[in-house]
Amino acid sequence: MIHKSKLRSENRGIGMTSQGTRDRLVQTLRKEGIKDERVLKAITQVPRHEFVDEALSSRAYENTALPIGLSQTISQPWIVARMTEALLDNGNPKKVLEVGTGSGYQAAVLSHLVPKVFTVERIDELLKLARRRFHRLRLHNIYVRYADGHLGWPSQAPFDGIMVTAAAQSVPRELLEQLAVGGLLVLPLEKNGQQRLISIRRTEDDFEELDLGGVVFVPLLSGLA
Ligand code: SAH
């Protein structure tokens, strides 16, 4: 008798969610300019289809954003890769914070690259689903919190890296304060009606800003939902 879960994984082995499909996504990302091999490897290690509704799993390895309910989206793989690459630009961060857990996919990618990943989300329902996924995939180095990410996670600060996965109107001061010296804050920022991906490095006595190009994100909202 074939065990049901074995049958399921065998089906997946030949289907749209197989390792081969994931490898093709990585080839696309490489072609579109992602260079950090550590990031590309992490993308092959995370089953993105586990982070979307089953009805969408056949589209999980397309390079597109997909709905995750409650008007939110799982980011396009290219942007996940690009932001991760930008966050690792200062070497090997040991402790990072993500604002906007959403499906949990970005945190899962980070968990393969960074010893400790902290992530906060303002929609409890999404956080519960993400937490379940982390547990199922045994990603035990991800710590979640139901909170308004504008405030960061003060008791765990400082962070070597902070990534915001929703577009802010201005750079939250608390996040800058929770950045270690040498650390990077990567976030989409509204500027003149456009969203730009910005990287801010904290130096001994200043902050240095770099513009990484145009992006499209859902807005960073205030308060809890
Ligand atoms: N990183 C996610 C994509 C998230 S979409 C993924 O990999 O799937 C942006 C997320 O940011 C949404 O889930 C939204 O609820 C959340 N968000 C928006 N404003 C927030 C805030 N102030 N604090 C925490 N999360 C916030």
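Predicted model: local features only at pLDDT ≥ 70, side-chain atom pairs only at ≥ 80, totals over all residues.
Let me begin with the helices. The axes of helix H2, residues 19-31, and helix H3, residues 37-45, come within 9 Å and cross at roughly 155°, and because angles over 145 degrees count as roughly antiparallel, H2 is roughly antiparallel to H3. The crossing in which H2 passes H3 is right-handed. On the H2 side the contact is made by Gln 19, Arg 22, Asp 23, Leu 25, Val 26, Leu 29 and Arg 30, while H3 contributes Glu 37, Leu 40, Ile 43, Thr 44 and Gln 45. By class, the residues of this contact between H2 and H3 are five nonpolar, three polar and four charged.

The largest pocket holds about 550 Å³ of space, and it is lined by 38 residues, of which Thr 73, Thr 165, Ala 166, Phe 217 and Val 218 lie nearest its centre. Among the elements that give two or more residues to this lining are strand S2 (72-74) and helix H5 (105-111), while helix H4 provides the largest share, four residues. The lining of the largest pocket divides into 21 nonpolar, 13 polar and four charged residues.

The second largest pocket holds about 380 Å³, and of its 21 lining residues, Glu 50, Val 52, Glu 54, Arg 133 and Arg 136 lie nearest the centre. Helix H1 (4-14), strand S1 (66-69) and helix H6 (124-136) each supply at least two residues of that lining, with H6 giving the most, five residues. In this second largest pocket, the lining has eight nonpolar, five polar and eight charged residues.

Definitions and conventions: Residues numbered from 1 in each chain as written. Heavy atoms only, no water. Axes fitted to C-alpha atoms, helices over the stretch in contact; angles between N-to-C directions. Parallel < 35°, antiparallel > 145°, perpendicular 65-115°, else oblique. Left-handed = near helix turned anticlockwise from the far one by under 90°. Contact = heavy atoms within 4.5 Å. Nonpolar A, V, L, I, M, F, W, Y, C, P; charged D, E, K, R; others polar. 1 Å grid on protein atoms, 1.4 Å probe; cavity = no way out; pocket = protein on both sides within 12 Å on 5 of 7 lines; lining within 4 Å. Points joined across faces, edges and corners; volume = space filled by probe spheres on them.
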